[in-house]
Amino acid sequence: MIARQQYLDAVASCIGTPVGHRGRTIGGALDCVGVPWAAATACGLVLPATQVYGSHPTGDELASGLAGYADRCERMEDAHMMQVMIGRHARHVVVPVQLDADGLVWVVHAWAKAKVVERTRLAYEPAAFWRIRGVA
């Protein structure tokens with residue numbers, strides 16, 4: 001079991017990594033699923049490889065892949081990652097890293113338009129909350 005703060009420190013180390021579809025290497029390339037996966041594995045967790053998916057997966061395809069190493073939970077405060085809505089599908093993953101004094105949620109995510117992994121305010125509606133097995 002790794003500590004939540006250790007995981008969040010590894011997530012922070014992803015910031016600035018170029019965005020690349022199916023990327024799993026901090027400092028090399030990451031996609032939205034790759035950020036939490038690479039952070040957890042950098043902490044020593046052994047996670048199964050994620051399923052192959054296209055650049056615009058459906059929400060169900062994404063959830064199926066996440067279920068290989070994470071479990072759904074009920075609250076954002078307990079989540080290690082969130083599946084969020086892009087259009088009509090829950091096809092993007094972000095990592096909640098901070099709730100500020102104004103009640104705004106800050107996340108780290110890989111977004112193709114930004115070209116690099118970034119820390120930003122949550123701009124998408126949460127669809128599902130996930131806890132990675134092995135992270136406290």
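Mentor: We'll go through helices, a core, a pocket and a loop.

Trainee: Anything to know before we start?
Mentor: This is a predicted model, where local features need pLDDT of at least 70, side-chain atom pairs count only at pLDDT 80 or more, and totals for chains, interfaces and linings use all residues. Residues are numbered from 1 along each chain as its sequence is written, and side-chain values use heavy atoms, with hydrogens and water left out.

Trainee: Okay, which residues of helix α1 are buried?
Mentor: In α1 (residues 4-12) they are Tyr 7, Leu 8, Ala 10 and Val 11. Buried means under 20% relative accessible area, exposed over 50%, and partly exposed in between, with a 1.4 Å probe and protein chains only. Helices (H or I, at least four residues) and strands (E, at least two) are DSSP runs, numbered from the N terminus.

Trainee: Why are they on the same side of α1?
Mentor: Because they cover an arc of only 160° around the axis, taken from the directions from the helix axis to the C-beta atoms.

Trainee: And what do they pack against?
Mentor: The buried residues of α1 pack against α2 (34-42), β5 (89-99), β6 (105-110) and β8 (126-132).

Trainee: How covered is α2?
Mentor: Mostly: 7 of its 9 residues are buried, including Trp 37 and Val 35. Just after α2, Gly 44 has a positive phi of about 105°.

Trainee: What about the largest nonpolar core, who touches the most other members?
Mentor: Of its 33 residues, those are Tyr 7, Val 33, Val 35, Leu 66, Tyr 69, Met 81 and Ile 132. The largest share of this core, 5 residues, comes from α2. A nonpolar core is a set of buried Ala, Val, Leu, Ile, Met, Phe, Trp, Tyr and Cys residues joined through side-chain atoms within 4.5 Å.

Trainee: New topic: how are the residues lining the largest pocket divided?
Mentor: There are 9 nonpolar, 5 polar and 3 charged. Here Ala, Val, Leu, Ile, Met, Phe, Trp, Tyr, Cys and Pro count as nonpolar, Asp, Glu, Lys and Arg as charged, and the others, Gly among them, as polar.

Trainee: Last one: where is Gly 87?
Mentor: Gly 87 sits in the loop between β4 (81-86) and β5.

Trainee: Is Gly 87 buried or exposed?
Mentor: Gly 87 counts as exposed, because its relative accessibility is 70%. Its C-alpha atom is separated by 9.8 Å from that of Glu 125, 38 residues apart along the chain.

Terms used
Contact means heavy atoms within 4.5 Å.
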